[in-house]
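Hi,

Here is the structure I promised to pass on to you. Have a look at it first, and then read on for what turned up inside it.

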Amino acid sequence: MEFKEKLNLYTNFANNTVCSYLPLEEGYHRTILEAMNYSVINGGKRLRPMMMMAAFELIRKKRNAEIPPIVSDGTEVDFAHGKLLSDDDVKVIGPFMAAMEMIHSSSLVHDDLPCMDNDTLRRGKLSTWAKFGEDMGTLAGDALMLYSFETAAKSTARSDAVLKAIRVLAEKSGVSGMVGGQTVDVELTGKKPSRKQLEFIYRNKTGALIEASFMIGAILAGAAADEVETLKEAALNIGMAFQIRDDILDVTSTNEELGKNVGSDAEEGKVTWLTYFGLEQSEEDVKEYTEKAVEDVRKLGGHEFLEELLRYLVDRKN
């Protein structure tokens with residue numbers, strides 16, 4: 001099976017899983033529910049839920065658990081119903097896949113607000129605040145972040161695993177993770193951060209949710225502490241690669257390809273990886289960080305789709 005076929009299968013599966021946990025749009029507060037769902041459904045690539053799922057499969061495979069094969073390797077695999085996991089496994093990890101995408105979407109909603117990046121485009125469509133107003137945009141971001149924990153708590157995993165996973169979700173989303181990175185990013189806009197400060201921003205604003213995705217997938221699959229730590233390291237590396245690639249796309253892509261306004265970093269006076277190292281070195285750094293991540297995945301036995309996905313992100317156009 002070609003990678004693009006597998007990517008479509010994983011994307012569709014992750015998307016269907018995420019959307020199955022979205023709230024119904026009804027009641028006096030229907031507007032905020034519509035804004036929440038618009039923010040999540042609005043064309044996301046579902047990378048983090050897919051990474052979480054792949055980490056889950058990786059550990060299950062290492063534990064010799066009986067799970068459906070992901071790559072045919074000469075064996076016929078029935079993907080007719082779009083199922084990559086058993087129904088029981090979906091009940092374990094599905095709520096966390098949805099929760100992760102909700103938190104990611106909430107961060108994008110807030111990033112786009114006039115007080116932040118002031119972007120009117122997101123994924124090729126109007127950003128949430130541009131469609132629903134700044135007030136509803138702010139509330140939608142808040143609501144998604146809180147609803148994510150309500151959703152994660154629906155997991156049927158063992159209670160100790162759910163508790164560990166929720167703790168990781170909260171830590172990597174908050175002041176010790178994504179929000180902490182966003183804070184430094186906002187404070188240093190128009191200034192020149194040191195390389196260490198820039199790495200802090202990248203490892204937290206972007207990398208923390210990727211880190212959480214890998215770790216939560218492993219925890220829910222019953223990983224040992226050292227296995228979780230190995231996947232955490234893989235996520236740190238791919239998070240760096242992902243953000244540097246974003247920097248590159250901001251100067252090399254188009255609005256149509258990227259689905260949002262390009263050149264916004266320069267307009268806002270933001271220092272990026274390219275500021276320090278230039279385009280050519282930045283491209284090399286993306287590849288180096290990616291290969292480090294792949295090496296970490298292979299330490300645990302490897303996962304063909306996850307490795308292909310990580311390498312695919314090196315050359316992505318959006």
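This is a predicted model: local features need pLDDT of at least 70, side-chain atom pairs count only at pLDDT 80 or more; totals for chains, interfaces and linings use all residues.

The lining has 21 residues in total, and A161, K164, I219, A223 and V228 are the ones nearest the centre of the pocket. Two or more lining residues come from each of α7 (159–173), α9 (195–220) and α10 (225–252). The space in this pocket is about 480 Å³.

The largest cavity holds about 60 Å³ of space, and α4 (87–112) and α2 (30–41) each give its lining at least two residues. Of the elements, α4 contributes the most, with four residues. Among the residues around this cavity are Y38, N42, S105, D112, R122 and R123. The lining as a whole counts five polar, four nonpolar and three charged residues.

The second largest cavity has a volume of about 30 Å³. You will find it lined by D185, L188, T189, K191, P193, I201, K270 and V271. Four of these residues are nonpolar, three are charged and one is polar.

Now for the rings. The structure has seven aromatic pairs. One of them joins F3 and F305, which are stacked with 5.9 Å between their centres and 25° between their planes. F3 belongs to helix α1 (residues 3–19) and F305 to helix α14 (residues 304–314), so this pair ties together parts that lie 302 residues apart in sequence. F3 and F305 are both buried.

F305 has another partner in Y10: the ring centres are 3.7 Å apart and the planes meet at 5°, so this pair counts as stacked too. Here again distant parts of the chain are linked, with Y10 in helix α1 and F305 in helix α14, 295 residues apart. Both Y10 and F305 are buried. Ring pairs join F3, Y10, F305 and Y312 into a cluster.

Finally, take a look at F242. The charged end of R316 sits over its ring, 3.8 Å from the ring centre. The charged end of R48 also sits over the ring of F242, at 5.5 Å from the centre.

Happy browsing, and do write back with any questions.

Best wishes

Terms used
Residues are numbered from 1 along each chain as its sequence is written. Side-chain values use heavy atoms; hydrogens and water are left out. On a 1 Å grid over the protein atoms alone, a cavity is a set of points where a 1.4 Å probe fits but cannot get out, and a pocket is an open set with protein on both sides within 12 Å along at least five of seven lines; lining residues have an atom within 4 Å of a point. Grid points are joined across faces, edges and corners, and a volume is the space filled by probe spheres set on the points. Ala, Val, Leu, Ile, Met, Phe, Trp, Tyr, Cys and Pro count as nonpolar, Asp, Glu, Lys and Arg as charged, and the others, Gly among them, as polar. Rings of Phe, Tyr and Trp (its six-membered ring) pair if their centres lie within 6.5 Å; planes under 30 degrees apart count as stacked, over 60 as edge-to-face and the rest as tilted. Buried means under 20% relative accessible area, exposed over 50%, partly exposed in between (1.4 Å probe, protein chains only). A charge sits over a ring if NZ of Lys or CZ of Arg is within 6 Å of the ring centre and within 35 degrees of the ring normal.
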